[in-house]
Amino acid sequence: MRLNLSHAERSVAALKPLSDRMTDEELVSRAKDGDYEAFEFLFERHRTLVYRFVYQMAPRRDDAEDIVQEVFVRAFQNLHRYRDEAKFTTWILRIASNLSTDRARMSHRRHALEQQEAAGALTWMTSETSHEDPIKNLESEARIAALRKAIEALPEHHKKAVVMRDLQEMEYADIAEVFGCTVGGAKLRVLRARRALRDRLEPLLEEAPQT
Amino acid sequence: MKRKDIDLLIKSAMGEADSQESSQAQALVESSPEAAREAAMWAQMKADFKILADVPECQLSNERMRAAVLSGSIKQRRASAFRFWMPAAGLATAALFAVFLMPKNTVPPVSGSGDAVAITTPEDRMRNEGFDATTLIDPRSSELSVPTIEESTPESVAPSEPAPAPVKRTTRPRQRTAQRVAVNDAAKQQTAAEAAEMIVGSVVVPAMNMAATAPDTNAARAMMSPAPPAPASDSSSEEGVVILSRESSVGNGAPVAVEVGRRHDVVFGG
């Protein structure tokens, strides 16, 4: 539930001690007034959300933490532009989305894909869904590797839609805010992204080992 | 399969279909093996999405975040500034190198002071060919033909007195003209240094002794005696230098020629 704070409410919030029960808007209001501790509360609260999103979007996995740091630095520097009409999470994910896109343009996608394939080849050792049957394990990991490869090969706008909806399980309303479109537009974007993912996944699944 | 059917199966597999859409998808799966494979693929994909969503824990600490925010520095800004200023600095350095290493134009030194400048006249050539200058003299001529030399008077040596009339040089190749030179006794006594101040022009004449003559028309007849035997040297080194002095001959007003010496250290012209 969104909370639009009036001037009086902000004044009251400024007097309250910082706690985890404070809403994002209250913390943002105090951070705007120069209370850095309030911003730290926001950072700790939303760090994982932003990191998971950036981790899926980053062309290189080791760049994810750098991008997250950059996201929050920009958020702090642009707190004056934040308006209470939008949720803080969608606002900061929008920053993360733009930064991830910029980073992806700068990087070499082929090199990133090769590295991710190498990383994917090792994840089966620590997979939580390992089956007793090694053959099934191999099929599972090959399928997951193919899915990851297909997602990485998507165009940035399709990739964002799949990551936000299918990996992050975000609501269409929030996705619409990040994209800056309507809810219907967000649904259409996700649908088109899934079609593109399917077109890329089919040939990869045919190459994957099958029993 | 139609795209519409595929969209329906995706929606149903992802749990986004309403009741009516779910029923339609179920009927489609039961009626078509291809639709059944499609639905199974999307169901498996949804399960794989949950595995992919599991990511390592973020290691970004509060301290590191605080330092980044307070410093206000962002790696990309530093990199972009670096990328902007480095090429500019490189160009500036290259320009400085070009300026310092550029070869300076050297002007060849102007020869004049103290350097011998041989000036060869047609008379020299005639002399070199064995022609005797004394034969040029026409003792019967009452006129004094003076060499016409057209030179400008350099300001540095310009006399305070009005400059003498310019002397035209009318030497022509192979022209045998009688050249009579009036020699003044006073000019003969002048030193070479004083004579250099009165240089208005010079001409290398055949090696002749310019003896002083009486300031009359007969002075023209008193031609130089044949030059004394020159030391064994190149014929070009026997060339003498005649200077037209400021003083005019009493007889005809022509400038008096004085031989400075047999060397070529004369500034020619202005």
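**Reading a two-chain interface**

The side chains of B:D48 and A:R143 meet in a salt bridge, with 2.8 Å from N to O.

Student: What kind of model is this, and how are residues numbered?

Tutor: This is a predicted model, where local features need pLDDT of at least 70, side-chain atom pairs count only at pLDDT 80 or more, and totals for chains, interfaces and linings use all residues. Residues are numbered from 1 along each chain as its sequence is written, chains are lettered from A and ligands numbered from 1 in the order in which they are written, and side-chain values use heavy atoms, with hydrogens and water left out.

Student: How many residues of chain A and chain B are in contact?

Tutor: Contact means heavy atoms within 4.5 Å. Here 42 residues of chain A are in contact with 36 residues of chain B.

Student: What area do chain A and chain B bury between them?

Tutor: The size of an interface is often given as the accessible area lost when the parts come together. Buried area is that loss, taken with a 1.4 Å probe and summed over both parts. Chain A and chain B bury about 3,800 Å². Carbon and sulfur atoms account for 59% of it.

Student: How many salt bridges and polar contacts are there between chain A and chain B?

Tutor: A salt bridge is a side-chain nitrogen of Lys or Arg within 4 Å of a carboxyl oxygen of Asp or Glu. Between chain A and chain B the count is 9 salt bridges. A polar contact is a pair of N or O atoms within 3.5 Å; within protein, one must be able to donate a hydrogen and the other to accept it, and residues adjacent in sequence count only if both atoms are side-chain atoms. Between chain A and chain B, 16 residue pairs are in polar contact, both residues at pLDDT 80 or more.

Student: Which helices of chain A supply the side that touches chain B?

Tutor: Helices (H or I, at least four residues) are DSSP runs, numbered from the N terminus. Helix 3 (36-57), helix 4 (64-77), helix 5 (88-106), helix 7 (134-152), helix 8 (156-167) and helix 10 (183-207) of chain A each supply at least two residues of that side. By class, the side has 20 nonpolar, 4 polar and 18 charged residues. Ala, Val, Leu, Ile, Met, Phe, Trp, Tyr, Cys and Pro count as nonpolar, Asp, Glu, Lys and Arg as charged, and the others, Gly among them, as polar.

Student: Which side chains meet B:E16 in a salt bridge?

Tutor: Take A:R165 in helix 8 of chain A. The side chains of B:E16 and A:R165 meet at 2.9 Å, N to O. B:E16 sits in the loop between helix 1 (3-13) and helix 2 (19-31) of chain B. A:R194 also meets B:E16 in a salt bridge, at 2.7 Å. That pair crosses between chains too, with A:R194 in helix 10 of chain A.

Student: Are A:R165 and A:R194 buried or exposed?

Tutor: Buried means under 20% relative accessible area, exposed over 50%, partly exposed in between (1.4 Å probe, protein chains only). A:R165 has 18% relative accessibility, so it counts as buried. A:R194 is buried because its relative accessible area is 3%.

Student: What does A:R198 touch?

Tutor: Leave aside residues up to four places away in sequence, and A:R198 touches B:I6, B:E38, B:M41 and B:W42. With B:E38 there is a salt bridge at 2.3 Å, N to O. B:E38 lies in helix 3 (residues 33-53) of chain B and A:R198 in helix 10 of chain A, so the pair joins two chains. Both B:E38 and A:R198 are buried. For A:R198 the relative accessible area is 12%.

Student: Where is A:E40, and what is it in contact with?

Tutor: A:E40 is in helix 3 of chain A. Its contacts, leaving aside neighbours within four places in sequence, are B:N62 and B:R66. A:E40 is buried, with a relative accessible area of 12%.

Student: How many residues of helix 8 of chain A are buried?

Tutor: Helix 8 of chain A is mostly covered, with 11 of its 12 residues buried. Among them are A:H158, A:V162 and A:L167.

Student: What follows helix 8 of chain A?

Tutor: Most residues other than glycine have a negative phi. A:E169, which follows helix 8 of chain A, has a positive phi of about 55° although it is not a glycine. A:E169 is in the loop between helix 8 and helix 9 (172-179) of chain A.

Student: How many disulfides does the structure hold?

Tutor: A disulfide is a covalent bond between the sulfur atoms of two cysteines. The cut-off here is a pair of cysteine sulfur atoms within 2.5 Å. The structure holds 0 disulfides over all chains. B:C58 counts as buried, at 10% relative accessibility. A:C181 counts as partly exposed, at 25%.

Technical notes. Buried area = accessible area lost by both parts, 1.4 Å probe.
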